[in-house]
Structure formats: structure tokens, C-alpha cells
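Here is a friendly walk through one protein chain, from its overall build down to single residues. Please keep the 3D view open as you read.

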Amino acid sequence: MNTEISSGLPLGAYTLPGRVPDPRVAIGQAVTAERLGLHTLWLSERWGTKDLGVLTGALGQATSRVRIASGITHFQSRHPALLASLAMTAQAMADGRFVLGVGRSVDAMWDAVGLPRSTNASIIDYADIFRRLCRGEKVRYDGPAGKYPSLRLNDVPDQPVPPLVFAAIGPKGLALAGRHFDGVLLHPFLTPAAVARSVATVRDAERSAGRPVGSVRVYATVVVACDLPTVEELAVVGARAVTYYQIPGFGERLAAVNGWDQEPLRRLRSHPLLAGIRGSADSVLTREELVDVASALPPEWTGEAAAVGSAANCHEVFERYREAGADELVLHGSTPDQLGPLFSTYKTGPGRE
């Protein structure tokens, strides 16, 4: 049974948000997510403790109804045949509940690990290669996504091709999702107004591509801290905010989408605790240190783009995202076992696909 909340908007949530030393706790979180009736359980892949293939297989066996989605992995981090194999095996293990979310990431990351940068052309072609392989077709390809003389999966289970969701922030990425993907995953810390503008861009792209309006499911990601102690609320919201805004180029894009002045990014990045950190801050700093760094951010950068406080207040925030055009919310920051208060005082009903 899928679940809607008071706004009538399906809810999903992340398992293992942020830095995780032990991935096994995802099993209990998945069981809780299904008990609460969450629509989708998302996993943000991180090399070392959050491998997509391993965790998807485990979560698929620990649950029977909730959809399991990557939020996100990347096309170029696996050979096309290996990614298609992972996806179709996951579909078989979860009986068709797998969703593949992919993103572009930043060029500096790909340069550092020696993998090719993403381009719009490579993303579009890789998506096509992926779908063809999942359908059991033989693929010969030489183009922006690489050179593959002869690809085919030896065995394909009797399962549908997993929906492809593209993580996007700016207008070019949103338009790409509207033309070529089954869904779009919007970034955390977008205000409802920014989500509304993003939805409009996706729908315009659908129309221009001749696709029925609503073909692309819009997932709006909302960082949530509901009925948590103040210290925990600061850790959930502030720590997540720092990990995004501290990345050069990435923070600027988020601020621009929200229509915010970018000067606070300079103050944030000059914080002594961020000195010398090139990658994600939460891979180096403790939660307490991240909260200290977060104090450099303007209050509206979290207050206007997150759901905090009482369950009633969080539901009011969710309603604003529904009005902005989101089809489903993806709750982030809090783990499923922290989301109980959101459901304790509101009636639930059948969710929509």
C-alpha cells in the first residue's frame, strides 16, 4: 500500500543520508519505510559504504512494496552493460520496484578519478543504450557516450525497463529531463517558488518534444527535521546544507535557482573548518563541526527551503511544494525511523502512481 499524507502528495525518503560507516542499518530503515507506507526509498550512492547494487539487492529482499531508487548514481561510473545488468537484476530481485536515478555531478570529480565528464549528448545517448540493453537488444555504438562494438545482456528477466530519473538543477538539465527521461529529481534546498519554476521548465520541454504533459514525474527533495530536539534539527538541516553549498560552482547554481545573493557563499567557504577541503565536507568533518560551519549561512537559506518544527508545520510546507507542481516529495536528512511524527496525527490513504 502506497501512502499519501494530508496534502495528497506521495512521500518517499532517503535511507543512509550523508556519511555512513555501517550500511547494514539501511535494512531496518527500509522495513520502517514500508511500515510507514512510504512510496519510494532512495539511496544516494557513495563509494565505500553505499554501493548501489549491493544495497538494492538487500533492500529488495527486506521489503515487498516500497519502490527502491538510486538518488543518485552516474552513467559513466559503470560500463553500460554492467549498469544495465545491475538494473535488470535489481528489477528481478525487487519484482519490478527499482528506479534508476542518475546525475551529472561536477567536472572536477570526474577529472580527479579519471573518468570522462558528462555532456548532454553523452547523457542522452547513454540513456538510450541503457534502455536498449535492458530490453535485450544488441547495441553497436560509437559516439559521445563511448565506443562499444557489440553489447548485449546474455539473459534479461521478464521485467520492465526501470524508469530513468535525471537529477537536475538548472534549466538545461531540467529541459533534458523533460525531453528524454521518465522523471526528474530536484535538488534539496529549493524553495517552493524555485520548484514551481523548475516544473514549468520540465513541462515546456515535454510539450516541445511532443510528449504528453505529465510524462515526467517530478520528485521534489525536501530536507526534513520534524519534532526533533534542537541540536538534532540543526545537525540534520545544517549539516546537509553545508555539504551542498560549500562545493564551488554547485553552491552558486543552487543560490541562483533560488534567486539568492551569492555573497554568503564566500563567507561560508572562508570558515576555518573548511580550509583545505576539496571534496564533500561531510566526508571529513563531524556533525558538530558541520553545525558550526552552518552558522555562517543566512537563516532563510535553510528556513525557506526545508521542513522543520512540528508535524503540522512540516505538512504545511509539503502543501506548498504540492502547489508548486511536485508529483512526489523525497524526504532527506532524517532517516525513516525519525519520520514517525509526520504520520502519527494525519490520516493516510492509497497513494497514486
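## Ground rules

A residue is called buried when its relative accessible area is under 20%, exposed when it is over 50%, and partly exposed in between, using a 1.4 Å probe and protein chains only. By that scale S105, at 24% relative accessibility, counts as partly exposed.

This is a predicted model, in which local features need pLDDT of at least 70 and side-chain atom pairs count only at pLDDT 80 or more, while totals for chains, interfaces and linings use all residues. Residues are numbered from 1 along each chain as its sequence is written, and side-chain values use heavy atoms, with hydrogens and water left out.

## The whole chain

The chain has 14 helices and 13 strands. These are DSSP runs numbered from the N terminus: helices are H or I with at least four residues, and strands are E with at least two. The C-alpha trace spans about 55 × 45 × 45 Å along its principal axes.

Of the 353 residues, 53% are buried. A contact here means heavy atoms within 4.5 Å. Among contacts with a separation of 6 or more, 73% are between residues 24 or more positions apart.

## Cysteines

How many disulfides does the structure hold? The count is zero, with a disulfide defined as a pair of cysteine sulfur atoms within 2.5 Å. C314 is in no disulfide, and its nearest cysteine sulfur, that of C226, is 4.2 Å away. C314 is buried, with a relative accessible area of 0%. C134 is buried as well, at 2% relative accessibility.

## Helix 8 against helix 11

Helix 8 (residues 230–245) packs on helix 11 (residues 287–294) at an angle of about 75°, and their axes are 8 Å apart. This makes helix 8 roughly perpendicular to helix 11. The axes are lines fitted to C-alpha atoms, for helices over the stretch in contact, and angles run from 0 to 180 degrees between N-to-C directions. Angles under 35 degrees count as roughly parallel, over 145 as roughly antiparallel, 65 to 115 as roughly perpendicular and the rest as oblique.

Helix 8 contributes E232, L234, A235, G238, A239 and V242 to the contact, and helix 11 contributes R287, L290, V291, V293 and A294. By class, there are eight nonpolar, one polar and two charged residues. In this scheme Ala, Val, Leu, Ile, Met, Phe, Trp, Tyr, Cys and Pro are nonpolar, Asp, Glu, Lys and Arg are charged, and the others, Gly among them, are polar.

## Around helix 6 and strand 9

Helix 6 (residues 171–180) has G173, L174, A175, L176, A177 and G178 buried. The cover over its buried residues includes helix 5, strand 8 (164–168), strand 9 (183–186) and helix 7 (192–208). L186 is found in strand 9 and is buried, with a relative accessible area of 2%. Its C-alpha atom is 8.8 Å from that of L174, twelve residues away along the chain. Not counting residues up to four places away in sequence, L186 touches A168, L174, V195, S198, V218, Y219, A220 and T221.

D182 sits in the loop between helix 6 and strand 9 and is partly exposed, at 30% relative accessibility. The C-alpha atoms of D182 and V216 are separated by 4.8 Å, although these residues are 34 apart along the chain. Leaving aside neighbours within four places in sequence, the contacts of D182 include R131, P162, R211 and S215.

## Backbone spots to look at

Where is the cis peptide bond? It joins G71 and I72, with omega about 20°. I72 belongs to the loop between strand 4 (67–70) and helix 3 (80–93).

S105 has a phi near 65°, a positive value in a residue other than glycine; its place is the loop between strand 5 (98–102) and helix 4 (107–113). D227, also not a glycine, has a positive phi near 50°. D227 lies in the loop between strand 10 (217–226) and helix 8 and is partly exposed, with a relative accessible area of 49%.
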